[in-house]
Amino acid sequence: MKNILVFSVILLSLAACKGRINSKAEPKSAHQVTQVAEFKGQQVTGIAIANSGRMFVNFPRWREGVENAVVKVDGNKNKSYPNLEWNSWEIGQPVVADKFIAVQSVLAHDDKLYVLDTRNPQFKTVLDAPRVFVFDLKSNTLTATYILEKNSFHSDSYINDLRVDGDKIYFTDSGHAGLVVYNIATGTSKRILNDHFSTSAEVPFLTFAGTQWKRSVHSDGIELDVKNQRLLYHALTGYSLYSIPTAAFDLDNKTEIEKTVRLESKTAAPDGMIFDDKGFLYYADLENNKIDYLKPDGTIHTLIQGVDVRWADSFSIYKDDLYYTNSRINEVTGPIDEMVFTVNKIKLPLN
C-alpha cells in the first residue's frame, strides 16, 4: 500500500502483452538482501528516500497503539517526523488540522516530503477530507497542505498512494475504486474512473500457501511514465496493470475518459510499484513472496523470492539499491506486539 519518484520511460507493446505474458523466472537473486531497519509491533507500509539519503517511513493507523505516523530512520534510531506533536493524535481524539490522523504513504520529491493522510483510521470512515502535507526537507517545516475536494472522495475512500508531476498530484483510491488528481495551481481536485473495471478489484481474495486472504482491495499501486505522460495503476486484488494518459484527467466526458484506458500487462497481484532509470517497473508478487520487474520489452523477471520478501508493500530507489518495506499484511491475525516489520534493500539488476 505504500517511494521516491523515478522519471523513466515504459515502452510496452499492447499487442505483445494482451492475453499473454512472456515471463522469465529467476527465483534466486544474484544480489544479497540487506536489512536496513526493523520495527517491533509497528506495522510499516510506506518508504521514501530523499536525494540526501535521508530515509522516511510511515505507519498506518489501522489499530490502536501506533506510536508514530511518520519517522525518520537514522541507523538504529527512529525519530518522529517532523516532531512528536505532529504524531501525537490517537484514535478517539478530536480531528485537528495540524496532526497526522491516518498516514498511508510518504513520497520524497524535489527536497520535499509529501505525506498522504487518508483521514480514515481503521478503515471505518473518512473523518475529514483526505490531504497531503508537504514538508521542506531542509528546514523540516510544513510548506503546504493540499486538501481534496468533497466531489473527489467518498465516505469509504482510502486514498492510498500518490505521484507528483509539476503542479499535479495523482492518487489511487483503494477503498472506493477510482483515481484522483489534485491541481496545485488551482487548489482543485477531480475524480475519474469511479467504480470502473480498471480501478476495481478483480478477485475477492488472494491465496498464501493455500490459505485465502479474503479482501477486495481496489486501485492501489501507482506509477508515472513522465515522458509519455501516462499514469499506471493496479488493483491490489487483481492481475491487470492498466494505464491512462494524464491528459484524460482534463476531459469532461466520462465515455471519452474510459476510452483512453489501456491494458499494459497481466501481472501478479502487487501492492506498490516503482520505475528505475532503465524503465524497469518493480512490483511485488504478494502471493509468492517475490519482487518482479517488467521490462520495456514486455517480459517479466523475478528479482528476488523467499523469506526476505513478506508482502513487499512500498518501494524507493537510492544509489542503485531497491528499498522495500515488509508489511506482512497477510500474516496479521491478531495483536502485532511481537511481530517484527522490516525495511530491506537489494541491488538493482544491470540488465
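Which residue forms a salt bridge with Glu-85? Lys-99 does, and the closest N and O atoms are 3.4 Å apart.

## Basis of the report

This is a predicted model: local features need pLDDT of at least 70, side-chain atom pairs count only at pLDDT 80 or more, and totals for chains, interfaces and linings use all residues. Residues are numbered from 1 along each chain as its sequence is written, and side-chain values use heavy atoms, leaving out hydrogens and water.

## Salt bridges

A salt bridge here is a side-chain nitrogen of Lys or Arg within 4 Å of a carboxyl oxygen of Asp or Glu. The count by this rule is 19. Helices (H or I, at least four residues) and strands (E, at least two) are DSSP runs, numbered from the N terminus.

Take the opening pair, Lys-99 and Glu-85, with N and O atoms 3.4 Å apart. Both residues lie in the loop between strand 6 and strand 7, so the pair ties together parts that are 14 residues apart in sequence. Lys-99 is buried at 16%. Glu-85 is partly exposed at 47%.

Lys-40 and Glu-338 are both exposed.

Lys-190 forms a salt bridge with Asp-252, with the closest N and O atoms 3.7 Å apart. Again the pair links distant parts of the chain, here 62 residues apart. Lys-190 belongs to strand 14, and Asp-252 to the loop between strand 19 (240–245) and helix 2 (254–259). Lys-190 is partly exposed, with a relative accessible area of 24%. Asp-252 is exposed, at 76%.

Ile-101 is found in the loop between strand 6 (77–80) and strand 7 (103–109). Ile-101 is buried, with a relative accessible area of 0%. Contact means heavy atoms within 4.5 Å. Neighbours within four places in sequence aside, Ile-101 is in contact with Arg-61, Trp-89, Val-95, Val-96, Asp-117, Arg-119 and Pro-121. Pro-60 is 41 residues from Ile-101 in sequence, and their C-alpha atoms are 8.8 Å apart.

Four strands form an open antiparallel sheet in the order 11-12-13-14. Strand 11 (159–165) and strand 14 (188–192) stand at the edges with a single partner strand each, so one side of each has no neighbour in the sheet. The twist averages 20° from one strand to the next. Such angles run from 0 to 180 degrees between N-to-C directions, with axes fitted to C-alpha atoms, for helices over the stretch in contact.

Strands pair if DSSP finds at least two bridges between them. Six bridges join strand 12 (residues 168–173) to strand 13 (residues 178–183). Lys-168 stands opposite Asn-183 in strand 13.

## Arg-163

Arg-163 lies in strand 11. Arg-163 is buried, at 0% relative accessibility. A polar contact is a pair of N or O atoms within 3.5 Å; within protein, one must be able to donate a hydrogen and the other to accept it, and residues adjacent in sequence count only if both atoms are side-chain atoms. The side chain of Arg-163 makes one with the side chain of Glu-223, at 2.7 Å. The Arg-163 side chain also reaches the backbone oxygen of Met-273 at 2.7 Å.

Definitions and conventions. Buried means under 20% relative accessible area, exposed over 50%, partly exposed in between (1.4 Å probe, protein chains only).
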